[in-house]
Amino acid sequence: MTDHMIESTLPELERYYDTVPRVGGARAEDFGALTLFVQEGAGWPYYARPALGGPEATPDDVQRVLERQRELKVPEAFEWVAETSPSLRTAVEAAGLHVHAHPLMVLDPSAEALPPHPDVHLLGADDPLLTAAVTVPALAFAAPGTAVGEAGPAELAAATAQPSAEEGRARVAGKLAAGTSAMAAAVRDGVVLCSGMYNPVGDVAEVVGVGTLPSARRQGLALGVTAALVAEALARGARTVFLSAGDEDVARVYARIGFRRVATALIAEPQE
């Protein structure tokens with residue numbers, strides 16, 4: 001991707017970031033330089049981020065949002081793009097929050113598509129494997145990285161038996177039925193080993209939540225799932241497809257299917 005393409009893509013991603021919580025059921029509270037998104041009812045607990053077209057946030061702006069998040073008893077979280085809002089990191093760190101950095105990557109329009117992975121397919125809202133597919137990323141993100149881990153089919157079976165798993169399935173099923181998300185999964189011998197989703201807004205789509213069961217890592221499953229999601233997004237008319245990689249190792253995996261780093265996505269949360 002050229003520097004000009006990157007410069008034009010970042011404003012496009014800012015518009016996406018400002019829109020996707022609104023269509024996902026969140027209300028937006030205006031704090032001038034910052035917008036706090038608060039989920040209405042069940043669903044993803046959102047965050048605060050820079051207001052679209054607003055001024056640079058100050059430490060006082062961050063503190064006001066933190067006080068509101070505590071009042072609402074929602075996560076004390078901020079998300080933004082480092083290159084677009086360069087001064088926000090200093091402001092949130094002054095408030096005592098810890099910042100995580102993630103490579104922000106956009107699919108190169110000239111990238112060649114990978115051949116379909118034989119174990120990967122798209123899931124519908126009524127697919128019997130949907131509960132497991134929604135649960136796998138939680139087990140994956142509990143043991144981050146790309147190294148093979150311990151959690152496997154037994155741990156997945158136990159996790160899917162929890163009431164929270166059914167709640168997650170119901171939320172995702174609603175999004176799949178409405179066409180506001182799509183999900184792909186790698187399945188072998190009836191067991192979901194990897195899954196992920198993409199969320200479209202207009203002609204922009206973000207690939208999210210791609211996670212592999214730790215015991216099944218290093219088999220190319222995340223690559224296959226991501227490639228399937230990309231193919232589906234493009235088939236549905238997406239012009240820009242992007243994602244945030246967990247770390248540099250994961251970013252190198254996504255680079256193999258044509259994703260190019262354009263910036264750095266930052267997430268601020270309280271110290272553990």
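## Aromatic rings

Rings of Phe, Tyr and Trp (its six-membered ring) form a pair if their centres lie within 6.5 Å; planes under 30 degrees apart count as stacked, over 60 as edge-to-face and the rest as tilted. This is a predicted model, in which local features need pLDDT of at least 70 and side-chain atom pairs count only at pLDDT 80 or more, while totals for chains, interfaces and linings use all residues. Residues are numbered from 1 along each chain as its sequence is written, and side-chain values use heavy atoms, leaving out hydrogens and water.

With that rule in hand, the count comes to six aromatic pairs. One of them joins tyrosine 16 and tyrosine 17, an edge-to-face pair with 6.2 Å from centre to centre and 75 degrees between the planes. Tyrosine 16 is buried, at 2% relative accessibility, and tyrosine 17 is buried too, at 8%. Here buried means under 20% relative accessible area, exposed means over 50%, and partly exposed lies in between (1.4 Å probe, protein chains only). In another pair, the ring centres of tyrosine 254 and phenylalanine 259 are 6.2 Å apart and the planes meet at 65 degrees, so this pair is edge-to-face. Tyrosine 254 and phenylalanine 259 are both buried. Ring pairs also link Tyr16, Tyr17 and Phe242 into a cluster.

## Salt bridges

Let us turn to charged side chains. A salt bridge is a side-chain nitrogen of Lys or Arg within 4 Å of a carboxyl oxygen of Asp or Glu, and a search of the whole structure finds 16 of them. Among them is the bridge between arginine 70 and glutamate 76, whose closest N and O atoms are 3.3 Å apart. Arginine 70 is partly exposed, with a relative accessible area of 39%, and glutamate 76 is partly exposed at 22%.

Some bridges sit within a helix, and helices here (H or I, at least four residues) are DSSP runs, numbered from the N terminus. Glutamate 93 and arginine 89 meet in a salt bridge of 3.1 Å, N to O. Both lie in helix α3 (residues 88–94), four residues apart, about one turn of the helix. Glutamate 93 is partly exposed at 39% relative accessible area, and arginine 89 is partly exposed at 33%. Aspartate 249 bridges to arginine 252, with the closest N and O atoms 2.2 Å apart. These two residues are three apart in helix α8 (residues 248–255), so about one helical turn separates them. Aspartate 249 is partly exposed at 39%, whereas arginine 252 is exposed at 53%. Elsewhere, salt bridges that share partners join Arg27, Glu29, Glu40, Arg68 and Glu71 into one network.

At what angle do helix α4 and helix α6 pack? Helix α4 (residues 130–142) and helix α6 (residues 163–178) meet at about 105 degrees, and their axes are 9 Å apart. The axes are lines fitted to C-alpha atoms, for helices over the stretch in contact, and angles run from 0 to 180 degrees between N-to-C directions. The two helices are therefore roughly perpendicular to each other; angles under 35 degrees count as roughly parallel, over 145 as roughly antiparallel, 65 to 115 as roughly perpendicular and the rest as oblique.

On the α4 side, the contact (heavy atoms within 4.5 Å) is made by Leu130, Thr131, Val134 and Thr135. The α6 residues in it include Ala165, Glu166, Arg169 and Leu176. By class, this contact has six nonpolar, three polar and two charged residues. Ala, Val, Leu, Ile, Met, Phe, Trp, Tyr, Cys and Pro count as nonpolar, Asp, Glu, Lys and Arg as charged, and the others, Gly among them, as polar.
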